[in-house]
Amino acid sequence: MTHHVILRVVSKFLIPLIALFAFYVQFHGDYGPGGGFQAGVILAASVILYALIFGLEEAKKSIPPTWVRVGMALGVLLYGGTGVATWLLGGAFLDYDVLAHDAAHGQHHGILAVELGVLLAVSSVMVTIFYAFGSRQPDLTDEDW
Amino acid sequence: MLGTVFDNYHYAVVIILMMTGLYTVFASGNLIKKLVGLSVFQTSVFLMYITIGKVMDAQPPILEKAKDYALNVSGNYTAAAGESGGGGYQFVTDIAYSNPLPHVLILTAIVVGVATLAIGLALVVRIREVYGTIEEDEISAIDYGYNLEGTSR
Amino acid sequence: MIFVSSAMVSTLILDVGFMAMLVVVAFAIVRLQSLFAIVMLQGVYSLLCAAWFVSLDAVDVAFTEAAVGAGVATILMLAAMLLADRESKPVPINRQFGPILVVILAGIALLFALPDMPTVGDGNSPANSYVGMDYIARTADEIKIPNIVTAVLASYRGYDTFGEVVVIFSAGLGVLLLLGLDGNAGKWKAKPNGIQLYAPSAPPARIKPDNDGGESS
């Protein structure tokens, strides 16, 4: 894809903004529409756009497949770990009241941790799936279209 | 009865969309087209759920802060009971909000839907690599052509 | 249900417009043969659904549908299509009768049940009366964040969402098992019966068995 100059220039400008928007959606999810699921997908979309424009090999250099493999598991562990932490602090599983000195603060902390886990898991899984599909060799070349 | 149907034309349209997706799943022999039909069906079910949760002339389920609400709307309201916690906000709870419960269920269902779609597509890719086709009748001809009829295809 | 406000009229126009477009796109998906067009129309369908979700007050769902249905799902389908076919074969007419019969019967059964559904937008219907409205009242008291959907998703139904995250994780794992994280990347290898085989891609399935031989002898 060396000849698509406009696409390359525009996406170079857009990709950081998309990633930034993902984090806005993540951390503003308590106050407006948004949350871990949406932010994870948007973050994955920025990686996918990078891979589409600059090639899969470049994308794998910047976000190595090992990272997303670890991120996948880490997200689920962070979610489950929050539940175990509330257990150890004397509450029920995923009962965030015990995480801070008062119940509402505990709920805020718990929701933040859990949504971070969702973000990690969803974005890693989406990127993983895209890498898996993108790395297969098609038996038809682009010229056959 | 007809009047009820006319009031609920949302549901009727959603049922038509659902049946279109179902028809694609049944009739199409192409596996990718089948998956597209499945996803149309799925999205139509989401539409039905969200339609049930809609409350006429209500707000999206994001709580208004009492301070902002008092500035915008003249009238009486009661703020949430109890002293204000974390952010120092009080929320208006007695105006109409749409039902948040279907939204939560469908939100997670959408993401799970795309995950299962990815599994289905991966299976399609593997089938294509091994059989060389993704048309249903050709695959079954390869599978059963020899064994059942004693002749290769 | 008798009074009509200006907001209701504009909502009605939006709803009818979105419904018409959705039906047209869905019928086009059934009729078309080019897989590229079908996949792109699926993205269009998701985006129209997302627009209608906003009109139905479901902002979070609309956001997710636009990002997931119109974005990632379309990309994945295009990637799978690139590895498979471009065209789907037309369905012979004698194979269309059965599906049409089933679909019409199921549609009539659903329409028959339609008068039992609550009126659209009824705030006092059973679905909108108990637990959903309870969450609205309790979120302001207990969680103290404005977005009720986030509160229910992460706190009241946190265990449920944990299950969903595990489902997504297993889906990623399943794709990895089926395709491999790096794909085959031009290198396929297998070891049937102790013989190491290498090939650029997986070999096609055995259509006919070997003549007078094979594994049995």
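The legends below describe close-up views of a predicted model.

Residues are numbered from 1 along each chain as its sequence is written, and chains are lettered from A, with ligands numbered from 1, in the order in which they are written. Because the model is predicted, local features need pLDDT of at least 70 and side-chain atom pairs count only at pLDDT 80 or more, whereas totals for chains, interfaces and linings use all residues; side-chain values use heavy atoms, with hydrogens and water left out.

**View 1. Phe21(A) and Phe63(C) form an aromatic pair.** The structure holds eight aromatic pairs over all chains, a pair being two rings of Phe, Tyr or Trp (its six-membered ring) whose centres lie within 6.5 Å, with planes under 30 degrees apart counted as stacked, over 60 as edge-to-face and the rest as tilted. The pair of Phe21(A) and Phe63(C) is tilted, at 6.3 Å centre to centre and 35° between the planes. Phe21(A) lies in helix H1 (residues 5–27) of chain A and Phe63(C) in helix H3 (residues 59–83) of chain C, so the pair joins two chains; helices (H or I, at least four residues) and strands (E, at least two) are DSSP runs, numbered from the N terminus. Phe21(A) counts as partly exposed, at 40% relative accessibility, where buried means under 20% relative accessible area, exposed over 50% and partly exposed in between (1.4 Å probe, protein chains only).

**View 2. Phe93(A) and Tyr159(C) form an edge-to-face pair.** The two ring centres are 5.7 Å apart, with 85° between the planes. Phe93(A) lies in the loop between helix H4 (65–88) and helix H5 (103–135) of chain A, and Tyr159(C) in helix H7 (residues 158–179) of chain C, so this pair, too, joins two chains. Phe93(A) is partly exposed, with a relative accessible area of 25%, whereas Tyr159(C) counts as exposed at 59% relative accessibility. Both residues belong to a cluster in which ring pairs link Tyr79(A), Trp87(A), Phe93(A), Tyr159(C) and Phe162(C).

View 3. Ser135(A) is placed in helix H5 of chain A and is buried, with a relative accessible area of 6%.

**View 4. Phe133(A) and Phe53(C) have the most contacts inside the largest nonpolar core.** This core has 130 residues, a nonpolar core being a set of buried Ala, Val, Leu, Ile, Met, Phe, Trp, Tyr and Cys residues joined through side-chain atoms within 4.5 Å. Helix H5 (residues 100–131) of chain B gives the most to the core, with 15 residues. Not counting residues up to four places away in sequence, Phe53(C) touches Phe46(B), Leu47(B) and Ile50(B), together with Ala58(C), Val61(C), Ala62(C) and Glu65(C), contact meaning heavy atoms within 4.5 Å.

**View 5. Asp57(B) and Asp57(C) each have a positive phi.** For Asp57(B), phi is near 60°, a positive value in a residue other than glycine; this aspartate lies in the loop between helix H3 (31–53) and strand S1 (64–65) of chain B and counts as partly exposed at 44% relative accessibility. For Asp57(C), phi is near 75°; the residue is in the loop between helix H2 (35–55) and H3 of chain C and is buried, with a relative accessible area of 8%.

**View 6. Leu105(B) is in contact with residues of chains B and C.** Leu105(B) lies in helix H5 of chain B and counts as partly exposed at 30% relative accessibility. Leaving aside neighbours within four places in sequence, Leu105(B) is in contact with Tyr49(B), Arg157(C) and Asp160(C). Leu105(B) and Tyr49(B) are 56 residues apart in sequence and 8.9 Å apart in space, C-alpha to C-alpha.
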